[in-house]
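Please consult the sequence and the structure as each point is taken up.

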Amino acid sequence: MIYHIPWIYLPVRTVLAIWHQLTKSEIPELAKASVLMRDRSRVEETIQAMQRAGPDALQVISDFDMTLSRFAHNGKRCPTTHNILDNDLLINDTCKKMIRELLNTYYPIEIDATRTVEEKLPHMVEWWTSVHELLIQQKIRRDLLAQAVKQSSAMLREGYKVFFDRLQEQQVPLLIFSAGLGDILEEVIRQNHVFHPNVHVISNYMDFDQSGVLRAFKGQLIHTFNKREGALLHAAHFRELKERPNVLLLGDSLGDLTMADGVAHTQHALTIGFLNDQVEERKESYVNSYDIVLVKDETMDVPNAILNYITTAPAK
C-alpha cells in the first residue's frame with residue numbers, strides 16, 4: 001500500500017517535527033499532489049546534507065527523453081529524439097511505418113511491470129538495433145537534422161531554462177545520459193538556448209561519412225536498461241568529478257537508476273523519477289526505487305526547488 005502522506009501513523013511529536021522540517025526547508029513543492037515519497041524524512045535529511053556540502057560537492061545526472069523533455073502536451077504525446085526523425089526530410093513512409101510497428105511491439109515490453117529487467121534486455125537490444133539499421137538505410141543527411149528538430153513538436157519540460165541556467169550559474173556539471181540520439185538531443189537543447197559549457201552528453205551518436213550521410217552509429221549501443229555498463233565505460237568522466245560526491249539523479253525508467261554507477265564514492269544521492277505512463281501498474285515499483293516520484297508532472301518545479309535549496313547557502 002502506498003500513501004501520499006507516509007507519516008500518517010507516526011506519533012504527533014514526530015509528525016510536527018517532520019512538518020516543521022518541511023516548511024523550514026522552504027520546499028513547498030514537495031507537498032504537491034503529484035509527489036510521492038517512500039521515506040519523506042530521509043529525503044529531507046538528504047537534501048539538507050547536500051545543502052550543507054554546497055554546490056561545489058554536487059553533480060547532476062539526468063536522462064533526456066521524457067525526463068528533461070516532455071512526455072505529453074495538451075493530451076498529445078511529444079516525440080522522443082528517435083521520433084523526431086519521423087520527418088519527410090529524413091525518412092520515407094515505409095521506414096516510418098516499420099519504426100512505428102517496432103514501437104508498438106517493444107514499448108509495451110519496456111514498461112511491462114510484470115517482466116524483470118533481465119527478461120526485457122534482449123528485446124531492447126533488438127528494438128534499438130532494428131531502428132538504427134532502418135535509419136542507416138535511409139542515408140540521413142546531417143545538414144537536415146536542425147531543420148527536423150525545428151519542425152518537430154519536441155518540448156522540454158516547463159521550467160527547463162531555470163534548471164539549466166541555475167546549474168550553469170552555480171558551475172554544477174550536468175551529465176545527460178540518454179538512450180536516445182545524441183545528435184538530435186544536442187540540437188534540441190541548442191535550439192532552446194541551454195547547451196551550456198557545463199553540459200556533457202553520453203548517448204547514441206550518428207557516424208556520418210565525408211559527404212555528411214549517415215553510415216553507422218558510434219560506439220556501444222545505449223538502451224534503457226544498460227546504462228550501468230555505459231556509466232562504467234565512461235569512468236574517466238566521473239573520475240574528473242571525484243571532488244563532487246553528491247548526486248542528484250533524474251530519470252523516467254527504473255533503468256535510469258544505474259546512471260550514477262560510475263560515481264566511485266557517492267556521499268549523498270537523491271533520485272527523482274518521472275512516472276509518465278501506466279501509473280497504477282508501475283507506481284509501487286517506482287516508489288520503492290526512487291526517493292521522489294513525480295506522477296504525470298510535466299514541469300521541473302520539484303527538481304528546480306530542490307536544486308535552488310541545495311545551491312543556496314544555509315542561513316546562519
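Q: At what distance from the ring centre of Tyr107 does Arg77 lie?
A: The model is a predicted one. A charge counts as sitting over a ring when the NZ of Lys or the CZ of Arg is within 6 Å of the ring centre and within 35 degrees of the ring normal. Arg77 lies over the face of Tyr107, and its distance from the ring centre is 5.7 Å.

Q: Over the ring of which residue does the charged end of Arg157 sit?
A: The charged end of Arg157 is 3.9 Å from the centre of an aromatic ring and sits over that ring. The residue that carries the ring is Phe274.

Q: What class of aromatic pair do Tyr106 and Trp127 form?
A: By the ring-centre rule the count comes to four aromatic pairs. The ring centres of Tyr106 and Trp127 are 6.0 Å apart and the planes meet at 15°. Planes under 30 degrees apart count as stacked, so the pair of Tyr106 and Trp127 is stacked.

Q: Which helices does the pair of Tyr106 and Trp127 link?
A: Tyr106 and Trp127 are 21 residues apart, and the pair links distant parts of the chain. Both residues are buried, and together with Trp128 they form one aromatic cluster. Tyr106 belongs to residues 93-110 and Trp127 to residues 117-137, which are helix H3 and helix H4.

Q: Why are Glu101 and Lys97 separated by about one helical turn?
A: The side chains of Glu101 and Lys97 meet in a salt bridge, at 2.6 Å from N to O. Lys97 is exposed at a relative accessible area of 52%, while Glu101 is partly exposed at 39%. An α-helix has 3.6 residues a turn, so residues three or four places apart point the same way. The separation is about one helical turn because Glu101 and Lys97 are four residues apart in helix H3.

Q: Is Asp165 buried or exposed?
A: Asp165 forms a salt bridge with Lys161, with the closest N and O atoms 2.6 Å apart. The two residues are four positions apart in helix H6 (residues 160-169). Lys161 is partly exposed, at 44%. Asp165 has a relative accessibility of 16%, and it therefore counts as buried.

Q: How many residues apart are Asp256 and Lys227?
A: Asp256 and Lys227 meet through their side chains in a salt bridge of 2.7 Å, N to O. Asp256 is in the loop between strand S9 (246-251) and strand S10 (268-275), whereas Lys227 is in helix H8 (residues 227-233). Asp256 is buried at a relative accessible area of 2%, and Lys227 is buried at 1%. The pair links distant parts of the chain, 29 residues apart.

Q: Which residues are linked with Asp86 in a network of salt bridges?
A: The structure holds 18 salt bridges. A network of them links Asp86 with Asp88, Asp93, Lys96 and Arg100.

Q: In which loop is the place of Lys139?
A: Most residues other than glycine have a negative phi. Lys139 is not a glycine, yet its phi is positive, at about 50°. Lys139 is exposed, with 58% relative accessibility. Its place is in the loop between H4 and helix H5 (145-151).

Q: What is the relative accessibility of Gln278?
A: Gln278 has a positive phi of about 45° although it is not a glycine. It lies in the loop between S10 and helix H10 (279-289). Gln278 counts as partly exposed, at a relative accessibility of 31%.

Q: How many of the ten residues of helix H11 are buried?
A: Helix H11 covers residues 301-310 and is mostly covered. Among its buried residues are Val302, Pro303, Ile306, Leu307 and Ile310. The number of buried residues in H11 is eight.

Q: What percentage of the residues of the protein count as buried?
A: The protein has eleven helices and eleven strands. It exposes about 15,400 Å², of which carbon and sulfur atoms supply 52%. Of the 316 residues, the share that counts as buried is 54%.

Terms used
Residues numbered from 1 in each chain as written. Predicted model: local features only at pLDDT ≥ 70, side-chain atom pairs only at ≥ 80, totals over all residues. Heavy atoms only, no water. Buried < 20%, exposed > 50% of the residue type's maximum accessible area, 1.4 Å probe, protein only. Areas by Shrake-Rupley, 256 points an atom, 1.4 Å probe, with all protein chains shown as cover. Phe/Tyr/Trp six-rings, centres within 6.5 Å; stacked < 30°, edge-to-face > 60°. Salt bridge = Lys/Arg side-chain N within 4 Å of Asp/Glu carboxyl O.
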